[in-house]
Amino acid sequence: TIHSHQTSSAAKSKPRLIFTSSMAAVRGNGQTPLSGEGTSYTHQDWNNKSELGLNWGQSYQWGKAQSERRAWDLSKELDVDLTSICPSFVFGPSDTL
């Protein structure tokens, strides 16, 4: 994350980075959307429930949220446009292929 931001900030034109994050950065277990509607999360929602070291799942979610926060901080600091995508699940090829 740091190196891609630094490299992009040195470009002649204003760069744009696409950051692949995760819904783990947006919500922790049992966390409802700030909108109060219960179904839609927005750019204002952040995982503020997960704790580092509690268990592997909580640590993973905490790490994803910290990583995305750092990406946003760097983008502001280095004047780099950032877009973050937060998939809830990623499908890939099976082990049998």
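Is Asn55 buried, partly exposed or exposed, and what is its relative accessible area? Asn55 is partly exposed, because its relative accessible area is 40%. The cut-offs used here are under 20% for buried and over 50% for exposed, with partly exposed in between, from a 1.4 Å probe on protein chains only. I will come back to Asn55 at the start of helix 2.

First, the ground rules. This is a predicted model, in which local features need pLDDT of at least 70 and side-chain atom pairs count only at pLDDT 80 or more, while totals for chains, interfaces and linings use all residues. Residues are numbered from 1 along each chain as its sequence is written, and side-chain values use heavy atoms, with hydrogens and water left out.

Now the overall layout. The protein chain has two helices and two strands, and from the N terminus on the order is α-β-α-β. Helices (H or I, at least four residues) and strands (E, at least two) are DSSP runs, numbered from the N terminus. Of the 97 residues in the protein chain, 27% are buried.

Next, helix 2, residues 56–78. The helix has 23 residues, and at 1.5 Å a residue these should span 33 Å. The expected span is 1.5 Å times one less than the number of residues. The end C-alpha atoms are 32 Å apart, which agrees.

The buried residues in helix 2 are Gly57, Gln58, Gln61, Ala65, Glu68, Ala71, Leu74 and Ser75. As background, an α-helix has 3.6 residues a turn, so residues three or four places apart point the same way. Gln61 is one of the buried residues of helix 2, at a relative accessible area of 13%. The side chain of Gln61 has a polar contact of 2.8 Å with the side chain of Ser50. A polar contact here is a pair of N or O atoms within 3.5 Å; within protein, one must be able to donate a hydrogen and the other to accept it, and residues adjacent in sequence count only if both atoms are side-chain atoms.

Back to Asn55, in the loop between strand 1 and helix 2. At the start of helix 2, a side-chain oxygen of Asn55 comes within 3.1 Å of the backbone nitrogen of Gly57. A polar atom of the Asn55 side chain also lies 2.7 Å from the backbone nitrogen of Gln58. Asn47 is found in the loop between strand 1 and helix 2 as well. Asn47 counts as buried, at 4% relative accessibility, and a polar atom of its side chain is 3.0 Å from the backbone nitrogen of Lys49.

At the other end, helix 2 is followed by Asp79. Asp79 is in the loop between helix 2 and strand 2. For context, most residues other than glycine have a negative phi. Val80 has its place in the loop between helix 2 and strand 2 and is buried, at 4% relative accessibility. Val80 and Pro15 are 65 residues apart in sequence, and their C-alpha atoms are 5.7 Å apart in space.

How many salt bridges does a search of the whole structure find? The search finds one. Arg16 pairs with Asp81, and the closest N and O atoms are 3.8 Å apart. The criterion is a side-chain nitrogen of Lys or Arg within 4 Å of a carboxyl oxygen of Asp or Glu. Arg16 belongs to strand 1 (residues 16–20) and Asp81 to strand 2 (residues 81–85), so the pair links distant parts of the chain, 65 residues apart. Arg16 is exposed at 57%, whereas Asp81 is partly exposed at 28%.

Ile85 is also in strand 2, and is partly exposed at 40%. Ile85 and Ser22 are 63 residues apart in sequence, with a C-alpha to C-alpha distance of 7.2 Å.

Last, the largest pocket, which has a volume of about 180 Å³. Its lining includes Trp46, Glu68, Trp72 and Cys86. On a 1 Å grid over the protein atoms alone, a pocket is an open set of points where a 1.4 Å probe fits, with protein on both sides within 12 Å along at least five of seven lines, and lining residues have an atom within 4 Å of a point. Points are joined across faces, edges and corners, and the volume is the space filled by probe spheres set on them. Glu68 was also listed among the buried residues of helix 2.
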